[in-house]
Amino acid sequence: MDNYRAIAISNAVTKIVESVMLSSLEDTDAVDDYQFGFRKKHSTGSCTYVFKNIVNFYRQHGSHVFSCFIDFTKAFDSVDYWLLFCMLLDSSKSVICNFMIRLLGFWYSHQLMFVRWHNVDSEFFGIGNGVKQGGILSPYLFRVYIRDLIKAVVVSKVGCCISGCYVNLLAYADDIVILAPSWHGLQTLLAVIENVAKDIGLTFNTRKTVCMVLNPTDRHKIVCNSFPHFKLAGSELMFVSQFKYLGHIVDNSFSDDKDICRELKCLFARTNLLIRRFSHCSRDVKIRLFKSFCICFYDIGLWLNYHAYTLNKFASAYVKCVKLFFGFHKYSSVTNMFLQLGLPSFDTIIHNARVRFVANSLAVAGNRIVATANLL
């Protein structure tokens with residue numbers, strides 16, 4: 001049962017009602033600067049970019065960075081309706097918003113659902129908690145629900161701080177990482193987040209919640225190579241040397257080599273899939289498919305700290321995939337091949353990705369957390 005996650009399928013009328021309500025209810029709060037999920041012009045890349053800049057700043061100034069990647073147990077399904085509606089009422093200031101919240105409370109408390117499996121429908125049953133995954137209002141509702149948790153960590157004034165701005169927590173929906181330059185600081189933040197999580201009914205998956213220690217770039221400033229285990233919800237947390245955070249592999253050496261290798265494997269997997277299924281299509285169709293599925297590299301503009309041979313290996317793999325899919329000889333001229341196909345070279349792809357990423361980061365520089373990262 002735990003291998004499946006229900007997605008709520010709503011009819012058109014429900015989606016229209018939710019869209020109207022969202023336009024009336026949506027508001028912002030100062031702690032939303034730390035939330036990168038469910039926000040316009042924000043992405044997993046933006047969150048990872050801030051994370052890397054903050055850690056790099058401390059490492060280059062001779063400090064350790066202690067990080068903990070928090071994993072909640074079914075966070076969306078654990079939302080308490082009535083606690084959520086009370087939060088909404090406290091944050092709303094207009095009569096219209098209060099009316100909408102009361103309507104929302106009545107709607108959620110009287111909703112009935114059923115499970116459809118192979119065109120067979122179950123009996124109707126009521127739902128007492130959780131926001132509907134797939135609902136238009138759900139992202140906003142969950143963002144409001146965990147504001148108090150984010151705020152408690154931020155106002156504790158413990159952890160990483162740059163120019164008076166505390167960046168001790170970064171969140172993308174329910175994927176949360178907390179940062180501190182000392183062991184005691186991170187343990188204090190874990191205690192804070194545990195207390196608030198109890199109040200709002202969220203539980204931790206301590207088997208998937210892990211910690212990582214990132215050492216200073218100057219080896220002479222490394223205080224210790226091993227530290228006591230952190231504790232959360234009565235359990236000791238495991239230390240890891242690498243972790244897949246928002247799709248990117250974060251290594252305790254802070255090298256992007258393993259993330260480049262991850263993307264390289266994905267490139268070969270996508271190319272092999274296209275070769276198996278579309279090898280007999282026309283060249284124009286192949287070009288469209290290759291551009292859609294094989295040049296959509298995931299946030300490669302974040303790659304800054306890597307060995308040259310790793311990126312050269314990726315560049316060679318890109319050329320090889322183009323030759324394999326389009327049927328060019330392995331000794332064919334690379335320049336002539338790209339000219340014939342109208343495809344960008346690998347260097348062009350890397351350059352354009354970095355330019356776009358910088359432009360997107362500047363576009364959201366109003367967010368003080370992203371602005372702080374840009375200054376670094």
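This report describes the fold elements, salt bridges, cysteines and surface patches of a predicted model.

## Overall architecture

The model is predicted, and its chain comprises 13 helices and 15 strands. Along the principal axes, the C-alpha atoms occupy a box of roughly 70 × 60 × 40 Å. The chain has 376 residues, of which 46% count as buried.

Nine salt bridges are present in the structure. One of them pairs Arg-143 with Asp-32, with an N to O distance of 3.9 Å. Arg-143 belongs to helix H5 (residues 138-145), while Asp-32 sits in the loop between helix H1 (12-25) and helix H2 (44-60); the pair therefore ties together parts that are 111 residues apart in sequence. Both partners fall under the 20% limit for buried residues: Arg-143 has a relative accessibility of 4%, and Asp-32 has one of 3%.

A further salt bridge links the side chains of Lys-52 and Asp-256, at 2.6 Å from N to O. Here Lys-52 is part of helix H2, and Asp-256 is in the loop between strand E15 (248-251) and helix H8 (257-278), so this pair ties together parts that are 204 residues apart in sequence. Lys-52 and Asp-256 are both buried.

The accessibility of the two partners is as follows: Lys-258 is partly exposed, with a relative accessible area of 41%, whereas Asp-251 is buried at 7% relative accessibility.

## Cysteines

The number of disulfides in the model is zero. A disulfide is counted where two cysteine sulfur atoms lie within 2.5 Å. For Cys-86, the nearest cysteine sulfur is that of Cys-97, 16 Å away, and Cys-86 is in no disulfide. The relative accessible area of Cys-86 is 44%, so this residue is classed as partly exposed.

Cys-224 is likewise in no disulfide; the nearest cysteine sulfur belongs to Cys-211 and is 15 Å away. With a relative accessible area of 29%, Cys-224 is partly exposed.

## Surface patches

Four aspartates, Asp-29, Asp-90, Asp-148 and Asp-199, form a negative surface patch. Among them, Asp-199 is located in helix H7 (residues 183-200). Asp-199 is exposed, its relative accessible area being 61%; residues in patches must have over 30% relative accessible area and no salt bridge.

A nonpolar surface patch of about 800 Å² is also present, made by Tyr-4, Leu-112, Phe-114, Val-115, Trp-117, Phe-124 and Phe-125. Phe-125 counts as partly exposed, with a relative accessibility of 34%.

Technical notes: Residues are numbered from 1 along each chain as its sequence is written. This is a predicted model: local features need pLDDT of at least 70, side-chain atom pairs count only at pLDDT 80 or more; totals for chains, interfaces and linings use all residues. Side-chain values use heavy atoms; hydrogens and water are left out. Buried means under 20% relative accessible area, exposed over 50%, partly exposed in between (1.4 Å probe, protein chains only). Patches are made of residues with over 30% relative accessible area and no salt bridge: like charges are joined within 9 Å, nonpolar side chains (Val, Leu, Ile, Met, Phe, Trp, Tyr) within 5 Å. Accessible areas come from the Shrake-Rupley method with a 1.4 Å probe; for residues, only the protein chains shown count as cover. Lys and Arg count as positive and Asp and Glu as negative; His and the chain ends are not counted. The place of a charge is taken as NZ of Lys, CZ of Arg, CG of Asp or CD of Glu. Helices (H or I, at least four residues) and strands (E, at least two) are DSSP runs, numbered from the N terminus.
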